[in-house]
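I opened this entry to work through one structure and write down what I looked up. The notes follow the order in which I checked things.

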Amino acid sequence: MPAHAIIGCGRVAPNHVDGFRALEGYELAWACDRDAVTAKQFAADHGITHWTTEVGDVLGDPGVTSVSIAVDHAQHAALAERALLAGKHVLVEKPLCLTVSDAERLAGLAAAGDRVLSAVSQHRYDPVVLAVREWLDDGLLGRLLFVRASLEASREREYYSDSYWRGTRAGEGGSALINQGYHCLDVTRLLCGDLVVRAAMANTTALAGVIETEDTLAALLAAGDTPVTLQVTVGSTTEWRTRIDLVGDRGTVSLDIDHPGAVHRATGNAELERRARALSAREVEPPPPGIGYYGVSHRRQIADFAAAVRDGTPMAVPAGVGVGMVRLLAELYAAT
Ligand SMILES: NC(=O)c1ccc[n+]([C@@H]2O[C@H](COP(=O)([O-])OP(=O)(O)OC[C@H]3O[C@@H](n4cnc5c(N)ncnc54)[C@H](O)[C@@H]3O)[C@@H](O)[C@H]2O)c1
């Protein structure tokens with residue numbers, strides 16, 4: 001039976017437990033956190049057989065098939081490299097890592113060792129996102145005139161001051177964009193195709209004196225001839241609200257990644273409106289216990305990952321998606 005280990009038992013780790021528990025015939029073998037109290041408690045809370053503070057224990061266990069890496073951004077590259085070299089398949093939380101050279105090296109290592117490497121992009125699996133991608137492919141929006149993507153979020157000072165890595169350049173590599181805004185940008189990239197950075201501006205206003213990194217970033221990008229604007233902030237008074245508007249010459253769609261099964265607006269032609277009604281009528285399961293705005297789709301990406309490990313099927317989020325995001329993030333930050 002394949003066995004999985006979770007490295008980093010913090011805020012997002014329960015979503016990985018939930019996803020692997022939903023699979024038949026997959027064992028959760030290890031909880032690993034460099035903090036012993038956290039690792040032990042996490043293993044107890046989730047019924048995981050072994051716990052450790054040493055990544056080497058996990059990677060040295062020949063029974064372990066795959067690992068989740070869910071630690072600060074700065075350590076993704078080194079831990080993923082160690083895991084790949086130890087012959088493990090790797091699901092790494094977003095972003096894949098912090099530099100383009102590391103991202104390319106990891107993708108090369110995975111390919112050379114015939115290992116699955118995927119960076120978490122769970123919203124690419126949301127039913128609404130997949131449906132809008134299909135409507136675009138079927139020409140229901142026509143040519144895109146503009147796309148507008150935004151995230152309004154709020155983060156308390158303690159979210160940063162209580163963390164060993166958030167809000168630091170070395171640990172997080174940025175903030176509003178690379179962390180919270182990641183998904184909005186990632187889904188926009190899935191819907192629009194490759195994005196070229198035209199201009200970007202970043203500020204630290206609401207969290208000045210608390211974080212070294214940006215609390216707000218706005219950018220103009222191009223998807224071919226289509227202008228795409230992006231605005232993200234973690235300094236607002238709204239806890240979490242994303243929005244993506246796609247305006248085409250045949251139809252307009254507004255969606256977000258907070259409501260995985262519904263479009264807010266779909267207008268312009270009867271077929272688009274019919275498909276939007278059909279989508280909204282479908283049931284979407286509730287999110288796993290924990291932080292609701294992480295959504296429902298870790299489960300879907302984990303099922304896709306497990307199938308790739310077991311059967312060698314291609315993932316919807318192969319390593320290249322994570323590499324592309326690292327490249328785009330680097331270009332956006334360089335333009336600020
Ligand atoms: N996909 C999503 O929606 C989503 C949501 C939240 C976080 N994330 C991502 O998940 C990652 C982790 O975020 P978090 O909020 O869970 O962080 P966190 O700070 O809550 O947890 C990180 C944990 O990793 C442990 N750790 C650090 N270095 C370690 C090491 N070398 N070995 C073992 N354990 C180690 C820490 O002790 C801590 O318990 C980040 O990349 C973040 O961007 C993704």
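**Entry 1**

I began with E285, which is partly exposed at 27% relative accessibility. The limits I needed here are under 20% for buried and over 50% for exposed, so 27% falls in between. I noted at this point that the model is a predicted one.

Next I looked for a charged partner. R300 forms a salt bridge with E285, and the closest N and O atoms are 3.3 Å apart. R300 belongs to helix α12 (residues 298-311), while E285 is in the loop between α11 and α12, so the pair ties together parts that are 15 residues apart in sequence. I checked R300 as well: its relative accessible area is 25%, which makes it partly exposed.

**Entry 2: Other salt bridges**

How many salt bridges does the count come to? I got 16 salt bridges.

I looked up R275 and found a salt bridge with E271, with 2.8 Å between the closest N and O atoms. Both R275 and E271 are in helix α11 (residues 270-281), four residues apart, about one turn of the helix. E271 has a relative accessible area of 29% and counts as partly exposed.

I then looked up R327 and E104, whose side chains meet in a salt bridge at 2.8 Å, N to O. This pair links distant parts of the chain, with R327 in helix α13 (residues 319-335) and E104 in helix α5 (residues 100-113), 223 residues apart. R327 is partly exposed at 34% relative accessibility. E104 is partly exposed too, at 42%.

**Entry 3: The six-stranded sheet**

I moved on to strands. In what order do the six strands of the open sheet stand? I read the order as β3-β2-β1-β4-β5-β6, with parallel pairing. At the edges are β3 (50-52) and β6 (117-119), each with a single partner strand, so one side of each has no neighbour in the sheet. From one strand to the next, the twist averages 20°.

Strand β5 (residues 89-92) pairs with β6 in the parallel sense over three bridges. L91 stands opposite S118 in β6.

I also looked for a helix against the sheet. Helix α2 (residues 36-46) packs on the sheet and touches β2 (27-32) and β3. The direction of α2 makes about 170° with that of β3.

**Entry 4: A83**

Is A83 buried or exposed? I found 0% relative accessibility for A83, so A83 counts as buried. A83 is in helix α4 (residues 76-85).

I listed the contacts of A83, leaving out residues up to four places away in sequence, and got L59, V67, K88 and V90.

**Entry 5: The annotated stretch**

Last, I checked the record. An unreviewed UniProt entry carries the annotation "domain: GFO/IDH/MocA-like oxidoreductase" for residues 130-253. Over residues 130-253 I found 27% helix and 41% strand. The end C-alpha atoms of this stretch are 13 Å apart.

Technical notes. Residues are numbered from 1 along each chain as its sequence is written. This is a predicted model: local features need pLDDT of at least 70, side-chain atom pairs count only at pLDDT 80 or more; totals for chains, interfaces and linings use all residues. Side-chain values use heavy atoms; hydrogens and water are left out. A salt bridge is a side-chain nitrogen of Lys or Arg within 4 Å of a carboxyl oxygen of Asp or Glu. Helices (H or I, at least four residues) and strands (E, at least two) are DSSP runs, numbered from the N terminus. Buried means under 20% relative accessible area, exposed over 50%, partly exposed in between (1.4 Å probe, protein chains only). UniProt positions are given in the numbering used here, feature names are shortened, and annotations may be inferred rather than shown by experiment. Two strands pair if DSSP finds at least two bridges between them. Axes are lines fitted to C-alpha atoms, for helices over the stretch in contact, and angles run from 0 to 180 degrees between N-to-C directions. Contact means heavy atoms within 4.5 Å.
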